[in-house]
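Please read it alongside the sequence and the coordinates.

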Amino acid sequence: MRLNAHTSINKHVLITQVRDFLRQVKAHEIFLADIARLAGENDANGNPLFDVIFNFTDFPELMPAAESNMLINSEKELFAINGSEMTNTKFDLEVHKNGQHGMAIQIKYSEEYFDAKEVELALNLYLQILELMASSEAQLCSTDLVESVGTKNTQFNETDKAYAYTKTMHALFEEQVVKAPDAIALRRNGKSYSYQELNAKANRISWMLIGKGIQSGDHVGLVMSRSFDMIATLLAILKAGAVYVPMEPDYPEARIQAIEESAQLKLVIFDRPTQAANAHHLYLQEENYATFSIENPGLTKDAGELAYIIYTSGSTGKPKGVRIAHHQAVNLISWVNTEFTVTSSDVMLFITSVTFDLSVYDIFGTLAAGGRIVIVEQSQLHNFEALYEIIITEKITFWDSVPSTLNHLVSDLDERQAELLGHHLRLIFLSGDWIPTMLPSAAKHWFPNSEFISLGGATEGTVWSNFYRVSGKVEHLSSIPYGVPIDNNRFYILDAQQQPVVEGVVGELYIGGVGVAYGYQNDPVKTEQAFFDDPFIETNINGERARMYKTGDLGRILPDGNMELHGRTDHQIKLRGYRIELNEIESVLNLHTSIKEALVNVVELEINGKKNQYLVGYIVSKNNNNLETEVLMSYLSQYLPEYMVPKVFVDLEQLPLSVNGKVDRRALPIPEMGMIDEGYLAPETETEKSLCDLWQETLQVERVGIKDNFFLLGGHSLLATKLIAKMNAGFGVTVPFAILLSEANVQSIAQYIDAVSLNDANLDTLAENENVEEGLF
């Protein structure tokens, strides 16, 4: 039977509701055997309709307790807990009323599904409910029940540990410059920068910024690709007392402008002259700063002030800027370097984007330990053969990425049957998305000396807030545990009223501790919705008012004390490590003049025998004016980064609604292959034939036609970068990522390559003619 019950209810009202409900349904009672027959049950190990049974018996007499399978506690109450494979239910609670001994309770359960601690907790809760029902209290309150059995919040969150909360991120780097000025700080394509050289360049740029009027607390944008200059500029901004706001060079102009306005940037630094469009934009060249001092600016900076603002996807159509202070990052760095003994002998492979908060540790954490950062270029990033070569030749000891990147590397090594050489790699950090349970053992084969660490949290919690050391076999698990809080961080699993749930019960995860961000930049409404005063402690270890962040993640505490994730409460997703608010994509789509309504969902599609998750756009157009996929992708690319642009669209007459009139995402249709497959067209030109071969090799499919869409054949950003590197090398031209995104078929790419090649040939001919003419004179 099912009844709606509130968290607090008068017990007499509850009893009345149960009595009335039982009277109503008694006429429709069906025996268990009949239920099984009607449902067509054939499996003796489970029930088709329910997994829990409550059996109450009221016999005049029961067998003597000594002869039964029940236990008697000191108060003569009878209860028993038995792990059992005899019952065909996951959980079997029997209550026997016995005139001689009062009440006897027996729980039988399947050990395949339940841990003994969970069942003991369930029994304790049931006993508490019975005691409350027999007491003089009129109200039953779930909060009282939770408190009566206790939670792990106190022990679980005993993480306080002293750290250098008065130090800044760049101060940690400057300490290493003094300790080992000639040690290698950066490596890239065989070239090196020592700590002293990096510090000198950072200081020159910093003095230049100060000369341009940058003051402590100013926000400075940075639009640069991974390079020595990028890392030096990050340090320079912090040394000037300012706050860095990173953006990707391939962001659409509209997104850069939106961040520039939201963050109230005083200056934006570019490494490309074409992007420096106004007086507040600076194209960074060595001639700008070469004459400035190499001495540390030495400005006084409170570690409680902001260090950086990183923008993430936002639900209203605009990105959200997460505000993080110096001391928060210092706590994270201190924990990682202490917990995993990171020292000057460690070598970090830097493969993440500076707009992704993993980069905060990769750069500043490695430099704080005196380690070495090996910078991977964009063209090398998804060339996994080249990536493995870098790991070996540079003797990489520390890998930090989203799971998909490591998964692709391991798959590439398996396919190529590469030589087993990865013995130096000792730490593998994975975060930002679900980790395939097969990945740890697969990676261990290629990197046998590595320790596998799963980390979690949110940008709003300063990179990572929890971790789990993966040891032994985990393939049998449904997911890798979420772990426990890191130093000076706290986790709460709460209900809708922000009250703790019982251990083992799923609730919403809240992050507490010193890592909780200082809200969202220039957005008090969203800040108020996501950040709260911590109701469980008044102050953190630094004496500041304790705060907590509402993550939107669902989770529970496992019997062993680790957390386990159980999805989301909203429409935020993680796709190949990127955090995406589906509502942001929908907001941009709904601004299109030909679209009446739009929804975006993430759907698993099997294409060419491979399953991948795709963003799918569902479009209700105005006046039945259906829009081509290429048109919609091109439109979205003006406002959103590539990873947020759906590659599949479905036209609908109207969005599906639930019975209460709300949009029902679960009723959205799965795209049929007929919507995606345009039919095979064979290549005709030499360029088309060569491209089809490259696409088949990259996508590992048997056949590619000239009209086949790269992304609908299973392609994604990782494979796209790999394909572009092959095309550039094979044809001797540069194919921009934007071209592959907008012209995602062989025929269009072939036409682009032929046009560029013809133009280059004409320029060469013109140059030769000019040389001949000069020779005549």
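The model is predicted. A search of the whole structure finds 21 aromatic pairs, and the structure holds 26 salt bridges.

**Aromatic pairs**

- Among the aromatic pairs of the whole structure, 21 in number, is a stacked one formed by Phe 173 and Tyr 195, with 5.8 Å from centre to centre and 25 degrees between the planes.
- Phe 173 belongs to helix α6 (residues 169-179) and Tyr 195 to helix α7 (residues 195-211), so this pair ties together parts that are 22 residues apart in sequence.
- Phe 173 and Tyr 195 are both buried.
- The ring centres of Tyr 492 and Phe 536 are 4.6 Å apart and their planes stand at 40 degrees, so this pair is tilted.
- Tyr 492 is in strand β23 (residues 489-494), while Phe 536 is in the loop between β25 (531-533) and β26 (547-557); the pair links distant parts of the chain, 44 residues apart.
- Tyr 492 counts as buried because its relative accessibility is 1%, under the 20% limit.
- Phe 536 has a relative accessible area of 32% and is therefore partly exposed, a class that lies between the limits of 20% and 50%.
- A cluster linked by ring pairs is made up of Trp 335, Phe 340, Tyr 361, Phe 398, Phe 429, Trp 464 and Phe 467.

**Salt bridges**

- Arg 469 and Glu 339 form a salt bridge in which the closest N and O atoms are 2.8 Å apart.
- This pair links distant parts of the chain, 130 residues apart, with Arg 469 in strand β21 and Glu 339 in helix α11 (residues 326-339).
- Arg 469 is partly exposed at a relative accessible area of 31%, and Glu 339 is partly exposed at 30%.
- Glu 339 and Arg 469 also belong, together with Glu 451, to a network of salt bridges.
- Glu 460 and Arg 579 meet through their side chains in a salt bridge of 2.6 Å, N to O.
- Glu 460 lies in the loop between β20 and β21 and Arg 579 in strand β29 (residues 578-581), so the pair ties together parts that are 119 residues apart in sequence.
- Glu 460 counts as buried at 0% relative accessibility, and Arg 579 counts as buried at 12%.
- Lys 726 forms a salt bridge with Glu 697, and the closest N and O atoms are 3.0 Å apart.
- Lys 726 sits in helix α22 (residues 717-731) and Glu 697 in helix α21 (residues 686-699), so to speak of the pair is to speak of distant parts of the chain, 29 residues apart.
- Lys 726 counts as partly exposed at 22% relative accessibility.

**Helix α16**

- Leu 439, Pro 440, Ala 443 and Trp 446 are buried in helix α16 (residues 439-446).
- These residues cover an arc of only 120 degrees around the axis, which puts them on the same side of α16.
- An α-helix has 3.6 residues a turn, so residues three or four places apart point the same way.
- The elements that cover the buried residues of α16 include α14 (384-393), α15 (403-416), β19 (427-430), β20 (451-456) and β21 (466-470).

**His 219**

- His 219 is in strand β10 (residues 219-223) and is buried, with a relative accessible area of 11%.
- The side chain of His 219 reaches the backbone oxygen of Ala 263 at 2.7 Å.
- Beyond residues up to four places away in sequence, His 219 touches several others, including Val 243, Val 245, Leu 265, Leu 306, Ile 309 and Gln 521.
- His 219 and Tyr 244 are 25 residues apart in sequence and, from C-alpha to C-alpha, 6.1 Å apart in space.

**Glu 564**

- Glu 564 is in strand β27 (residues 563-568) and counts as buried at 11% relative accessibility.
- The side chain of Glu 564 is joined by a polar contact of 2.9 Å to that of Arg 556, and by another of 2.7 Å to that of His 566.
- Not counting residues up to four places away in sequence, Glu 564 touches residues including Ser 478, Ser 479, Tyr 482 and Leu 554.

Terms used: Residues are numbered from 1 along each chain as its sequence is written. This is a predicted model: local features need pLDDT of at least 70, side-chain atom pairs count only at pLDDT 80 or more; totals for chains, interfaces and linings use all residues. Side-chain values use heavy atoms; hydrogens and water are left out. Helices (H or I, at least four residues) and strands (E, at least two) are DSSP runs, numbered from the N terminus. Buried means under 20% relative accessible area, exposed over 50%, partly exposed in between (1.4 Å probe, protein chains only). Contact means heavy atoms within 4.5 Å. A polar contact is a pair of N or O atoms within 3.5 Å; within protein, one must be able to donate a hydrogen and the other to accept it, and residues adjacent in sequence count only if both atoms are side-chain atoms. Rings of Phe, Tyr and Trp (its six-membered ring) pair if their centres lie within 6.5 Å; planes under 30 degrees apart count as stacked, over 60 as edge-to-face and the rest as tilted. The arc is that of the directions from the helix axis to the C-beta atoms. A salt bridge is a side-chain nitrogen of Lys or Arg within 4 Å of a carboxyl oxygen of Asp or Glu.
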